[in-house]
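Please look at the structure below with its aromatic side chains and its surface charges in mind. The report that follows takes these two topics in turn.

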Amino acid sequence: LGPLYIKIGQILSCRENLFPDEWIGGMEKLQDRVPAKSGEEAWTLAYEASPGGKAGFHKTFTDFDDVPLAAASLGQVHRARLRGSGER
């Protein structure tokens, strides 16, 4: 439920009429400073999301940069190279 709570906090931080200033200040931090997952976590998540797990991932990609290009509340973006075409 972590991503859901972040989204709710982002939305509620825009409703200054509902909460005290200190709460709004705390929730505003969720707007643009989302920490990226570690490289190890990125590999684990990529393997879990790939059909066929780790083997399926490596059948699809030749390279995977575990340092994200960007991170957001619901995900992050990594550079990878497709095995079949070499496309990034």
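## Aromatic rings and a charged patch

Trp43 is partly exposed, because its relative accessible area of 25% lies between the limit of under 20% for buried residues and that of over 50% for exposed ones. This value, like the others in this report, is computed from a predicted model.

A pair of aromatic rings is described by how far apart the centres are and by the angle between the planes. The structure contains seven such aromatic pairs, and two of them are set out here.

| Aromatic pair | Arrangement | Centre to centre | Angle between planes |
|---|---|---|---|
| Trp43 and Tyr47 | tilted | 5.6 Å | 40° |
| Tyr47 and Phe57 | edge-to-face | 5.5 Å | 80° |

Trp43 and Tyr47 both belong to helix H3 (residues 39-49), and because they are four residues apart there, about one helical turn separates them.

On the surface, Glu16, Asp21, Glu22 and Glu28 gather in a patch of negative charge. One of these residues, Asp21, is found in helix H2, which covers residues 21-28, and Asp21 counts as exposed because its relative accessibility is 68%.

Methods:
Residues are numbered from 1 along each chain as its sequence is written. This is a predicted model: local features need pLDDT of at least 70, side-chain atom pairs count only at pLDDT 80 or more; totals for chains, interfaces and linings use all residues. Side-chain values use heavy atoms; hydrogens and water are left out. Patches are made of residues with over 30% relative accessible area and no salt bridge: like charges are joined within 9 Å, nonpolar side chains (Val, Leu, Ile, Met, Phe, Trp, Tyr) within 5 Å. Accessible areas come from the Shrake-Rupley method with a 1.4 Å probe; for residues, only the protein chains shown count as cover. A salt bridge is a side-chain nitrogen of Lys or Arg within 4 Å of a carboxyl oxygen of Asp or Glu. Lys and Arg count as positive and Asp and Glu as negative; His and the chain ends are not counted. The place of a charge is taken as NZ of Lys, CZ of Arg, CG of Asp or CD of Glu. Helices (H or I, at least four residues) and strands (E, at least two) are DSSP runs, numbered from the N terminus. Buried means under 20% relative accessible area, exposed over 50%, partly exposed in between (1.4 Å probe, protein chains only). Rings of Phe, Tyr and Trp (its six-membered ring) pair if their centres lie within 6.5 Å; planes under 30 degrees apart count as stacked, over 60 as edge-to-face and the rest as tilted.
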